[in-house]
Amino acid sequence: ERVDVAGGRVRVFYEYLPHTLRDALHKSARGKALAKADVLRVAHGVAAALRFLHEATPTKPAVVHGDVCTANVHVALDDGGSVTRVALGDFDVARVVPPRG
């Protein structure tokens, strides 16, 4: 992942994942519920993404996403419908946190 902040806009570059968590939940509602391992994988992926965004580094400011919801959590699913990768998307309302000091 890479974060670019220019002209007051936040842009995050990450691997394209073709589904949203909302899609996965709607598909599972028609069949079986998401497996516990998938729920944990999604929770861990979202937490890792937020940690990455919230931590300022010498090359990246801290960023607040501002709109974490099932439509903005992107997932990759295997052929059996299990979650294999997770990413956070849609940074339209994200904002940069000014450095402390």
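Two strands pair if DSSP finds at least two bridges between them. Helices (H or I, at least four residues) and strands (E, at least two) are DSSP runs, numbered from the N terminus. The model is predicted: local features need pLDDT of at least 70, side-chain atom pairs count only at pLDDT 80 or more, and totals for chains, interfaces and linings use all residues. Residues are numbered from 1 along each chain as its sequence is written, and side-chain values use heavy atoms, with hydrogens and water left out.

**View 1. Overall layout of the chain.** Two helices and seven strands make up the chain, in the sequence pattern β-β-β-α-α-β-β-β-β. Its C-alpha atoms fill a box of roughly 50 × 20 × 20 Å along the principal axes. Of the 101 residues, 31% count as buried, where buried means under 20% relative accessible area, exposed over 50% and partly exposed in between (1.4 Å probe, protein chains only). Contact means heavy atoms within 4.5 Å. Among contacts with a separation of 6 or more, 59% join residues 24 or more positions apart.

View 2. Five bridges join strand 5 (residues 73–77) to strand 6 in the antiparallel sense. Leu77 has Val83 of strand 6 as its bridge partner, and Ala76 stands opposite Arg85 in strand 6. Five residues lie between the two strands of the hairpin, and Gly81 in the turn has a positive phi of about 90°.

View 3. His74 belongs to strand 5. Is His74 buried or exposed? With a relative accessible area of 18%, His74 is buried. Beyond its neighbours within four places in sequence, the contacts of His74 include Tyr14, Leu17, Arg85 and Gly89. The C-alpha atoms of His74 and Val46 are separated by 9.5 Å, although the two residues are 28 residues apart along the chain.

**View 4. The largest nonpolar core.** A nonpolar core is a set of buried Ala, Val, Leu, Ile, Met, Phe, Trp, Tyr and Cys residues joined through side-chain atoms within 4.5 Å. The largest one has 17 residues, and those with the most contacts inside it are Val42, Leu53 and Val73. Strand 2 (9–13), helix 1 (21–30), helix 2, strand 5 and strand 6 each supply at least two residues of this core. Helix 2 gives the largest share, four residues. Leaving aside neighbours within four places in sequence, Val73 is in contact with residues including Leu21, Val42, Val46 and Val86.

**View 5. Lys60 over the ring of Phe52.** The charged end of Lys60 sits over the Phe52 ring, 5.0 Å from its centre. The criterion is NZ of Lys or CZ of Arg within 6 Å of the ring centre and within 35 degrees of the ring normal.
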